[in-house]
Structures are given as structure tokens and as C-alpha cells.
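Here is a short tour of one protein chain for your next look at the viewer. Keep the sequence and the model side by side as you read.

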Amino acid sequence: MKVNSFGKDLDLKSKSAVLIDGNTGRILYGKNENEKMPMASTTKIMTCIVALESGKMNQIIKVSSKAASMPKVKMYAKKGEQYYLKDLLYAMMLESYNDVAVAVAESIGGNVENFAKMMNEKAKKIGTNNTSFVTPNGLDAKEHYSTAYDMAKIGAYAIKNKSFLEIINTKKYNLTEIKNKRNITVFNKDNFLNLENDAIGIKTGFTCNAGYCFVGAIKNNGRTFVSCVLSSGWPPNKGYKWKDTIKLMDYGKDNYEFKNIIEKNKPIMVPVENGIKSEIECTLDSSLKALVSNEDKINIKTKIDYKLPINIKDKVGSVWVYINNKKVKNIKIISKEKVYKFDFTYCLRKALSYFIL
């Protein structure tokens with residue numbers, strides 16, 4: 001079993017864990033980060049983001065008998081009760097209510113099965129390769145699994161949504177059932193917000209099969225770190241997931257800083273073969289600023305590829321940036337000059353120009 005490929009041992013209790021750069025998704029630390037495992041209620045991160053992107057916050061959700069029958073943890077919503085989607089998303093993310101997650105899924109997707117398809121489609125778009133959603137609440141089910149890396153990537157995507165971020169950072173929220181006016185107050189169960197000054201979420205989880213799970217995120221000095229721990233102990237070891245998450249975040253803060261690797265618009269000279277000029281001035285069309293440690297190895301490879309004639313703003317090549325032998329970014333080399341091919345046609349055109357007044 002591949003435990004840790006990053007040369008460090010943080011002595012984590014979790015069977016699987018990862019720390020990524022929240023902006024690029026690059027793995028900064030991993031322990032069995034690609035092993036498929038149950039992920040419990042961290043599933044609700046995807047449920048929430050699909051609902052935010054596909055639903056309307058003021059749409060009314062009617063609770064079905066299936067939703068009402070879900071096991072604890074639950075809001076004890078009754079069949080026929082009606083709530084606004086916005087209110088239910090707060091209840092689902094703050095208290096991790098299983099009945100609420102199913103009610104949301106049925107309203108957005110028509111049924112749980114269709115909503116699971118929406119979740120899986122979204123996961124693929126985010127770039128996950130080892131994730132399969134079956135339930136919207138994360139209760140144990142066959143073929144319902146993910147990896148620490150995939151869940152961190154999903155978390156990193158979700159916190160870019162302002163509404164999602166507002167929900168998971170709310171400490172207390174009041175909602176009211178539309179028909180019978182039942183008042184409900186929910187409280188945020190994410191204790192990471194209290195343990196880490198830079199914390200911005202994200203979501204806890206627990207089932208008998210999954211153990212304690214947590215997807216976390218912090219913002220610190222312009223850096224965004226996202227972590228995930230899966231199977232981080234079982235009762236009574238509820239605190240393992242917090243300790244492991246803090247270790248991961250401290251590792252990120254202590255070892256990774258921003259470094260300007262590629263500067264946009266920086267002039268570079270590119271040699272030209274068979275042109276009327278031996279070289280032309282070019283520039284790079286984008287920059288790269290990445291989180292790197294002192295141990296990271298950065299390699300930059302350049303490939304020149306063009307056809308004459310070259311016009312201004314033509315692509316004449318690429319710069320590939322590698323960190324630890326993995327491709328991070330491809331940056332275009334753009335011409336700032338025009339250059340013709342030195343051939344008979346050019347010479348004839350040049351000769352004729354002397355006779356044209």
C-alpha cells in the first residue's frame with residue numbers, strides 16, 4: 001500500500017489524507033490519497049453545490065415520505081411539509097441532516113437517482129477520476145465512494161462559490177416551514193472553524209463504514225489550502241479528524257510559499273530559421289505564480305514551433321512548466337513582430353518594390 005509519496009511523515013491517524021493547493025489542485029501532501037473509500041456526509045458538499053448551480057434559492061421544496069424516512073442525523077421533516085431551498089441548504093450543511101439532503105435531491109433532480117447522475121456529471125467536470133455518488137446524504141451504499149484527493153478537489157471547487165462559502169461559515173441559522181410555520185434553529189457543527197483561525201470550512205462526515213471524515217479549507221496570507229481526511233478513527237476518537245487536519249494545514253503553512261515562476265509579457269528572443277530576420281521578439285501570454293516548497297524541483301521546457309511567415313500575435317511555441325516532473329501549466333509564446341520567409345517570392349517582391357513609386 002502506497003502510504004506517503006512526499007517524503008514526510010505527519011503521523012496521521014487517518015487511513016487516507018491529502019493536502020492540496022486550493023487554487024491549482026496540486027497535491028502538496030498525500031497518504032493513500034487515491035484510494036477509493038466511503039466518504040460519509042462530506043458527500044453533501046457536492047449535493048449543495050449541484051443544488052446551488054441548478055436550483056433557485058426561493059423554490060419551494062415539498063418533503064416526500066422517502067425523505068422523511070431517512071435515519072439520523074435528521075431534521076425530522078414531515079411528509080408534506082414545505083421549505084425554501086435556501087433554508088434547507090443551510091440546515092443540510094450546518095447540521096448534516098440526512099432527510100433534508102434527500103428532499104433537496106428529489107426537488108432538483110426529480111428523484112434521488114437522477115440527482116446522483118447530476119452529482120457524477122459535475123464531479124467529472126471538476127476533474128475527479130475515482131468518485132461515484134449514489135446517495136445525496138452520504139449514507140453507506142454500494143458504489144458510493146470517493147478518494148481524499150477527489151473530495152479535496154470538490155471542496156476546492158465549492159469554496160469558489162460565494163453562496164456556498166457563506167453557508168458553511170454561518171454559525172447559526174433560523175428557518176421556518178412555509179405551511180405550518182414550524183420554526184427551526186440550526187447550528188454549525190464544524191468545530192474546525194473554532195480550532196483554526198484561518199479556517200473557512202468545509203464539511204464533516206461519519207458512518208460506521210467510513211469512520212470520521214472531514215474536508216477542510218483555510219485561507220492564509222493569500223494562500224488557500226484544502227485538505228481531506230477519510231477514515232480518521234471511529235468512536236470514541238472523534239477528535240482525530242481535527243488533529244490530522246491541523247497537522248496538514250500547519251505543514252502547508254510552514255512549507256509552501258508563493259513563487260513567481262513565469263512572468264507574463266516578459267520579452268524573449270526566439271531564433272528564426274530561413275526568415276528575413278535571424279530572431280524575433282516574442283512574449284509569454286500568461287504568468288504562473290505557484291505554491292512551492294524548498295524541496296520542490298521546478299523545470300521549464302521550451303518548444304519552438306512555427307510556420308513562416310509569422311504575423312504579430314501568432315503562436316510560435318510553448319513553455320511547459322514542471323514541478324516535481326509533473327506538468328503544471330502550458331504557456332504560449334506569442335510573436336511581437338512580423339517576419340517573412342527568405343525565399344524567391346520575398347526577393348522578387350523586394351526587387352519590384354524599388355521600381356514602384
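Leu-284 stands opposite Ile-333 in strand β16. The model is predicted, so local features need pLDDT of at least 70 and side-chain atom pairs count only at pLDDT 80 or more, while totals for chains, interfaces and linings use all residues. Residues are numbered from 1 along each chain as its sequence is written, and side-chain values use heavy atoms, with hydrogens and water left out.

- Leu-284 belongs to β12 (residues 279-284), which pairs with β16 (residues 326-335) in the antiparallel sense over three bridges; two strands pair if DSSP finds at least two bridges between them.
- Another contact of the two strands is Thr-283, whose bridge partner in β16 is Ile-334.
- Ile-334 of β16 is also the bridge partner of Lys-315.
- Strand β15 (residues 315-323) pairs with β16 over eight bridges, in the antiparallel sense.
- Two residues lie between the strands in the hairpin of β15 and β16, where Asn-324 takes a positive phi near 55°.
- Five strands make up this open, antiparallel sheet, in the order β11-β12-β16-β15-β14.
- At the edges are β11 (268-271) and β14 (298-304), each pairing on one side only.
- Neighbouring strands of the sheet are turned by 35° against each other on average, direction ignored.
- Helices (H or I, at least four residues) and strands (E, at least two) are DSSP runs, numbered from the N terminus.

**The nonpolar cores**

- The largest nonpolar core has 67 residues, and Met-46, Met-75, Leu-89, Val-104, Phe-164, Ile-202 and Val-226 have the most contacts inside it.
- Helix α3 (residues 85-95) gives this core its largest share, eight residues.
- Another core lies apart from it, with 19 residues that include Leu-19, Tyr-29, Met-249 and Tyr-256.
- A nonpolar core here is a set of buried Ala, Val, Leu, Ile, Met, Phe, Trp, Tyr and Cys residues joined through side-chain atoms within 4.5 Å.
- Buried means under 20% relative accessible area, exposed over 50%, and partly exposed in between (1.4 Å probe, protein chains only).

- Helix α4 (residues 98-109) has twelve residues and reaches 16 Å from its first C-alpha to its last, close to the 16 Å expected at 1.5 Å a residue (1.5 Å times one less than its number of residues).
- Eleven of the twelve residues of α4 are buried, so the helix is largely enclosed by the rest of the structure.
- Covering the buried residues of α4 are, among others, α1 (44-54), β3 (60-62), α2 (65-68), α3 and α5 (112-126).
- After α4 comes Gly-110, with a positive phi near 90°.
- α3 and α4 pack at an angle of about 145°, with their axes 9 Å apart; axes are lines fitted to C-alpha atoms, for helices over the stretch in contact, and angles run from 0 to 180 degrees between N-to-C directions.
- Nine of the eleven residues of α1 are buried, so α1 too is largely enclosed by the rest of the structure.
- One of the buried residues of α1 is Met-46, which touches Met-119, Lys-122, Ala-123, Ile-126, Phe-133 and Ile-154, not counting residues up to four places away in sequence (contact means heavy atoms within 4.5 Å).

**A residue before β1**

- Leu-10 is found in the segment before β1 (16-21) and is buried, with a relative accessible area of 16%.
- Leu-10 touches Tyr-29, Lys-247, Leu-248 and Tyr-251, not counting residues up to four places away in sequence.
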